[in-house]
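Dear colleague,

Please find below the structure that I am handing over to you. My notes on it follow directly after.

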Amino acid sequence: MPTRTRPPTRPARPRRAPAHRPAIPAQPDVELLRALSNAAAVSGDEGAVRRLVLEAIGPHVDEVKVDALGNVLAVKRAARGRAAPRLLLAAHMDEVGMMIVDHDSDGSLRFEIVGGVSERVLLGKAVTVGPRRLPGVIGAAPVHLLGSERLETVVRPGQMRIDIGAASQEAARRQVAVGERATFATEFAVLAGALRGKALDDRLGCASLIGLLRGGPYPVELHAAFTVQEEVGLRGARVAGYAVEPQAAIALDCTPTNDLPDSRGRENTQYNARLGQGPVIYLADGRTISDRRLVDYLRRLAEDAKLPYQIRQPGGGGTDAGAIQQTRAGVPVVSVSVPARYLHSPAALARSADWENTFRLLTLALERYDARVLRR
Ligand SMILES: [Zn+2]
């Protein structure tokens with residue numbers, strides 16, 4: 001095993017998942033994840049994923065509604081009729097992508113980036129545009145036509161266009177309206193022990209939350225929020241947290257691993273999370289400090305069940321937990337993510353075992369939860 005730094009906050013834990021698995025029957029649904037990942041739902045235009053969510057959870061919840069911003073808010077009542085702790089689990093439906101803002105005279109489409117996408121991953125990529133999923137490409141000048149100077153120049157998003165093959169501005173206008181979204185055209189795929197998709201962030205969280213609603217009932221009043229506009233500032237989660245007023249909340253997300261070699265090919269020791277090491281429990285991120293009692297509760301559950309887990313190193317970024325924490329009089333929160341590589345690019349990659357172990361941990365968290373978790 002290569003040497004690496006081991007920050008003091010990382011607790012002692014088994015390196016590997018044990019060969020035997022605890023008897024938790026529920027499994028996450030890969031075919032559901034495929035449908036969710038392939039659906040297009042760039043921030044502010046989450047309808048396609050919302051329809052899938054509503055269809056999938058309908059028979060398994062006691063109440064469901066779509067709020068003013070488009071969040072899906074569902075309730076699964078506790079196993080016994082008595083008053084039970086009110087727990088909110090949130091997963092965001094939206095994904096990063098592009099918004100069409102104008103049509104050029106040659107029929108190509110101008111666009112703005114929605115959410116955090118690096119311009120480096122855009123050029124030359126196949127995309128789909130609008131609700132009809134028109135195929136297109138983010139045009140890149142071919143190498144034959146580039147002089148040595150242009151070959152080394154970074155192309156800014158303002159210089160890029162999406163080409164849907166329209167021969168004129170009029171033809172482009174007939175096909176695509178300003179305001180429609182574009183997303184990467186990547187098809188979901190199951191690889192050897194891994195999953196690849198354009199929107200694993202956060203359809204992994206959505207699929208987990210759907211799976212949890214299909215299970216149970218639990219000893220908690222389970223509130224589920226499938227949120228909108230997370231990628232542009234946790235906007236849906238803010239109003240969902242206000243509406244639900246939970247006693248505690250867990251954001252289910254997908255976090256970027258920083259575990260590839262650095263630019264000189266050396267092992268990267270600045271891990272925030274690593275693929276294959278199990279669910280990622282957050283201590284802190286750019287938006288919030290996790291409630292210590294919830295962190296400890298999740299760690300204890302994982303250790304008792306011999307599930308692998310990892311602690312995400314404090315750093316930037318944020319999840320819906322950051323917005324929910326500051327609603328009304330305050331909500332204790334924590335985030336649990338599936339680790340994945342290449343987030344916010346045409347294709348992210350996650351390990352199946354990490355997702356399964358995340359799902360097991362969340363199932364346990366619901367099954368074992370009671371008011372004593374938050375005792376001071
Ligand atoms: Zn996310």
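A347 counts as partly exposed because its relative accessibility is 23%, and a residue must be under 20% to be called buried. Please keep in mind that this is a predicted model. A347 is placed in the loop that lies between β16 (333-341) and β17 (348-351). Leaving aside residues up to four places away in sequence, A347 touches T186, R196, G197, K198 and Y342. The C-alpha atoms of A347 and L364 are separated by 30 Å, with the two residues 17 apart along the chain.

The zinc ion is the next topic. Which residues coordinate the zinc ion? They are H92, through NE2, and D201 and D253, each through OD, at 1.9 to 2.3 Å. The spacing of these donor residues in sequence is H-x108-D-x51-D. The pair H92 and D253 links distant parts of the chain: H92 belongs to strand β3 (residues 86-92) and D253 to strand β13 (residues 248-256), 161 residues apart. Both H92 and D253 are buried.

Finally, I turn to helix α1. This helix spans residues 30-38, and its buried residues are L32, L33, L36, S37 and N38. In an α-helix, residues three or four places apart point the same way, because there are 3.6 residues a turn. The elements covering the buried residues of α1 include α2 (47-57), β11 (194-197), α5 (200-214) and α9 (352-368).

With kind regards

How values were computed
Residues numbered from 1 in each chain as written. Predicted model: local features only at pLDDT ≥ 70, side-chain atom pairs only at ≥ 80, totals over all residues. Heavy atoms only, no water. Buried < 20%, exposed > 50% of the residue type's maximum accessible area, 1.4 Å probe, protein only. Helix = DSSP H or I, 4+ residues; strand = E, 2+ residues; numbered from the N terminus. Contact = heavy atoms within 4.5 Å. Donors = N, O, S within 2.8 Å, 3.2 Å for Na, K, Ca; no water.
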